Amino acid sequence: MLQKIKSFFEVLEADSLESKSDVLINILLLAENEGLSEIDNGKTVDELKIIQTKYCSKKGLLPDLMKYMGKVSNKDKPVLGKIIHDFKITLENKFNERLTALKNAERQAKLEAEKIDVTLPGCNSQIGHKHPLTLVEEQVKEIFTNIGFTVVEGFEIEEDYYNFERLNIPKDHPAREMQDTFYLNEDVVLRTHTSPVQARIMDMMCPQLPVKIIAPGKVFRRDDDSTHSPMFHQIEGLMVDKNITFADLKGILLHLLKSIFGEERKIRLRPSYFPFTEPSAEVDVSCGNCNQEGCRVCGYTGWIEILGSGMVHPSVLEMAGYDPNEVTGFAFGIGIERIAMLKYGIDDMRLLFDNDLRFLEQF
Ligand code: PHE
């Protein structure tokens, strides 16, 4: 049809429109109908835009038509003008109407496709939980902060001086044999226990009193089997003040172990030896597995060894600047792995470091 109109105008170039305006009007009406039905059949917004270009744009039919207005007789001009104007308005209205309808339909289809079914089960995000060693460490921290102790941290890489010398363990002392470790150089080691924190904190505090701290952290030794790991965790405890006695140490340890293992547990202090405490005691807790009848867990003794402790050695106090005739103190060191193994019935320490979820999810 468009082609038809074009060729009609070509013929007009030579001639006048006068005698043919009726024909032109009819052709235009036909073109209008054809445009309308093309718009109706447009299936997508893109298709519609192509149709619009064909009829209404600068490159489309309308500007072509306007070119011929000058050739029309004065009588016919308003008539043809109105028809061209109507042609344009009708097509544009139709086009806009159809465009809106298509856009709505496309939007609707998109909404349908994206519809969220609120009745579907949600996706659970997996929330982890605390490692058994963290649980024990947090419990011990809570027990001590509740009775006025402060939590401090020392250095994992420690000077030989603090790890050994300040704890009465000189270079050739046999106690070094049990605490062989990783040497970074002759004077710097991976600490073998949390006890160097005792010396460091007393250096900081002296002459203030009381000193009441616990110090959790990693320690390192040349050990590796089912009950020993080259890296493990300890919590150091230290209290220094006037008139601190062995009874204070025992009372605090009884409170600690009952809080962890249960009110019915008993403790036993056995004489022991540490170069930095005098007197020293190894502390046992009654076996909860057999009620002290004797079993594999307690080695058929009814008691389980749990920590080392003692009264702070006078020369350790003195090296920090305290007068051992004026002040006394107690100290202890607990192995966190050991507590966790007893508390949760774990028989191999390595399980605590394997990070096997089948194990960890049990806590
Ligand atoms: N540091 C000692 C050890 O690791 C434990 C201990 C701490 C003993 C404090 C007495 C006092 O074996």
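Colleague: What caps the N-terminal end of α10?

Modeller: T245 does. One of its side-chain oxygens lies 3.2 Å from the backbone nitrogen of A247. Keep in mind that this is a predicted model.

Colleague: And what does the chain do just after α10?

Modeller: G262 follows there, with a positive phi of about 125 degrees.

Colleague: How far apart are the end C-alpha atoms of α10?

Modeller: They are 22 Å apart. Helix α10 covers residues 246–261, so 16 residues at 1.5 Å a residue should span 22 Å, and the two values agree.

Colleague: Which residues of α10 are buried?

Modeller: L249, I252, L253, L256, L257, I260 and F261. Down the helix axis, the buried residues of α10 fall within an arc of 140 degrees, so they line one face.

Colleague: What covers the buried residues of α10?

Modeller: The cover includes two helices, α6 (132–146) and α12 (336–344). It also includes the strands β7 (267–274), β8 (277–286), β9 (303–312) and β10 (328–335).

Colleague: Switching to the ligand. How many residues surround it, and which are the closest?

Modeller: 14 residues surround the ligand. The closest are H193, S195, R221, Q234 and G333.

Colleague: What about R221 and Q234?

Modeller: Both have a side-chain contact with ligand oxygen. For R221, an N or O atom of the side chain is 2.8 Å from an oxygen atom of the ligand. For Q234, a polar side-chain atom lies 2.9 Å from an oxygen atom of the ligand.

Colleague: Now charges. How many salt bridges does the structure hold?

Modeller: 17. Side chains of opposite charge can pair when their charged atoms come close.

Colleague: Which residue does E97 meet in a salt bridge?

Modeller: K94, at 3.9 Å, N to O. E97 and K94 both lie in helix α5, residues 77–114. They are three residues apart, about one turn of the helix.

Colleague: Why does that spacing work?

Modeller: An α-helix has 3.6 residues a turn, so residues three or four places apart point the same way.

Colleague: Is E97 buried or exposed?

Modeller: E97 counts as exposed, because its relative accessibility is 53%. K94, its partner, is listed among the buried residues of α5.

Colleague: Which residue pairs with E159?

Modeller: R200, at 3.6 Å, N to O. That pair links distant parts of the chain, 41 residues apart. E159 is in strand β2 (residues 157–159), and R200 is in helix α9 (residues 196–205). E159 is partly exposed at 37% relative accessibility. R200 is partly exposed too, with a relative accessible area of 21%.

Colleague: And K130?

Modeller: K130 meets E138 in a salt bridge of 3.1 Å, N to O. K130 counts as partly exposed at 44%. E138 does as well, at 33%.

Colleague: Which residues are linked in a network of salt bridges?

Modeller: D160, E165, K171 and R176.

Colleague: Where is D348 found?

Modeller: In the loop between α12 and α13 (351–354). D348 counts as buried because its relative accessibility, 19%, is under the 20% limit.

Colleague: What does D348 touch?

Modeller: S226 and M341, leaving out residues up to four places away in sequence. A polar atom of the D348 side chain also lies 2.9 Å from the backbone nitrogen of R350.

Colleague: Back to α5. How many residues does it have, and how far does it reach?

Modeller: It has 38 residues and reaches 55 Å from its first C-alpha to its last. That is close to the 56 Å expected at 1.5 Å a residue. Its buried residues include L80, I83, F87 and L91.

Definitions and conventions. Residues are numbered from 1 along each chain as its sequence is written. This is a predicted model: local features need pLDDT of at least 70, side-chain atom pairs count only at pLDDT 80 or more; totals for chains, interfaces and linings use all residues. Side-chain values use heavy atoms; hydrogens and water are left out. Helices (H or I, at least four residues) and strands (E, at least two) are DSSP runs, numbered from the N terminus. The expected span of a helix is 1.5 Å times one less than its number of residues. Buried means under 20% relative accessible area, exposed over 50%, partly exposed in between (1.4 Å probe, protein chains only). The arc is that of the directions from the helix axis to the C-beta atoms. Contact means heavy atoms within 4.5 Å. A polar contact is a pair of N or O atoms within 3.5 Å; within protein, one must be able to donate a hydrogen and the other to accept it, and residues adjacent in sequence count only if both atoms are side-chain atoms. A salt bridge is a side-chain nitrogen of Lys or Arg within 4 Å of a carboxyl oxygen of Asp or Glu. A residue is near a molecule or strand if one of its heavy atoms lies within 4 Å of it.
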